[in-house]
Amino acid sequence: MPPETRRELTVSDSVVIAVDPLTAWEQVADPTQMPRWSPENTGARVAGGRPLAEGETFVGTSRRGRARWSTECVVRRSVPGERFGFDVRGWGLGRPRGRFPVARWEYAFEPAEGGTRVTETWTDGRRAWPDWLAHAFDRAAAGRPFADFQRRNIRRTLDKLKVELEATG
């Protein structure tokens, strides 16, 4: 397969934030806080308390330009001060419809010189899609491959998270 048709299915980036791992985890493990940092996320509806525990679900809302959508998410890992991750398993306009793999988001929190290394990772859940279909969808939805789009979003999210947590932490 020519390189230009291969999909990059995982994108990750890190930043060191001058707070302890538990403080960073507490913020990220509360998905209602994500709109403060994410360029796309506009909110989350959470049934239980926060931070979220493994197995809990939430509905996230996002926008890109004039497009708005909702996602159904289930928390896969929630280890205080260490990890937070969730699977996006449904997508829809207005409300999520059906259950199908969309993406996986993971956050790792590791002690580092100067604070905590926060690593954000996106994994494309559309592994079963043929590459040609994924490329066509990506061009229509994001104007470029999703991996490139998410790489930029992750960087922006981590940069904003760093600024905010260091200002308040």
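Student: Which residues are linked in a network of salt bridges?

Tutor: Arg7, Asp124, Arg126, Asp131 and Asp138 are linked that way. Before we go on, this is a predicted model, where local features need pLDDT of at least 70, side-chain atom pairs count only at pLDDT 80 or more, and totals for chains, interfaces and linings use all residues. Residues are numbered from 1 along each chain as its sequence is written, and side-chain values use heavy atoms, with hydrogens and water left out.

Student: Why is arginine 7 called buried, and why is aspartate 131 called partly exposed?

Tutor: Buried means under 20% relative accessible area, exposed means over 50%, and partly exposed is in between (1.4 Å probe, protein chains only). Arginine 7 has 15%, so buried is the word for it. Aspartate 131 comes out at 21%, and therefore counts as partly exposed.

Student: How many salt bridges does the structure hold?

Tutor: There are 16. One of them joins arginine 76 and aspartate 87, at 3.6 Å from N to O. Arginine 76 sits in strand 4 and aspartate 87 in strand 5, so this bridge ties together parts eleven residues apart in sequence. At 30%, arginine 76 is partly exposed, while aspartate 87, at 18%, is buried.

Student: What makes strand 1 and strand 2 edge strands?

Tutor: Start with the sheet: it is open, has seven strands in the order 1-7-6-5-4-3-2, and pairs in the antiparallel sense. Strand 1 (10-17) and strand 2 (41-46) each have a single partner strand, so one side of each lacks a neighbour in the sheet. From one strand to the next, the twist averages 25 degrees.

Student: How do you know that strand 2 and strand 3 pair?

Tutor: Two strands pair if DSSP finds at least two bridges between them. Strand 2 and strand 3 (residues 57-64) have five bridges, so they pass. For instance, glycine 43 has threonine 61 in strand 3 as its bridge partner.

Student: What makes Trp91, Leu93 and Phe100 a patch?

Tutor: Patches take residues with over 30% relative accessible area and no salt bridge; like charges are joined within 9 Å, and nonpolar side chains (Val, Leu, Ile, Met, Phe, Trp, Tyr) within 5 Å. Tryptophan 91 has 34%, so it counts as partly exposed, and that is over the 30% asked for. The three form a nonpolar patch on the surface with about 300 Å² of accessible area together, by the Shrake-Rupley method with a 1.4 Å probe, where only the protein chains shown count as cover for residues. Tryptophan 91 itself lies in strand 5 (residues 83-92).

Student: Is alanine 142 buried or exposed?

Tutor: Buried, because its relative accessibility is 13%. Alanine 142 belongs to helix 2 (residues 131-142). Leaving aside residues up to four places away in sequence, alanine 142 touches Arg64 and Phe149, where contact means heavy atoms within 4.5 Å.

Technical notes. A salt bridge is a side-chain nitrogen of Lys or Arg within 4 Å of a carboxyl oxygen of Asp or Glu. Helices (H or I, at least four residues) and strands (E, at least two) are DSSP runs, numbered from the N terminus. Axes are lines fitted to C-alpha atoms, for helices over the stretch in contact, and angles run from 0 to 180 degrees between N-to-C directions.
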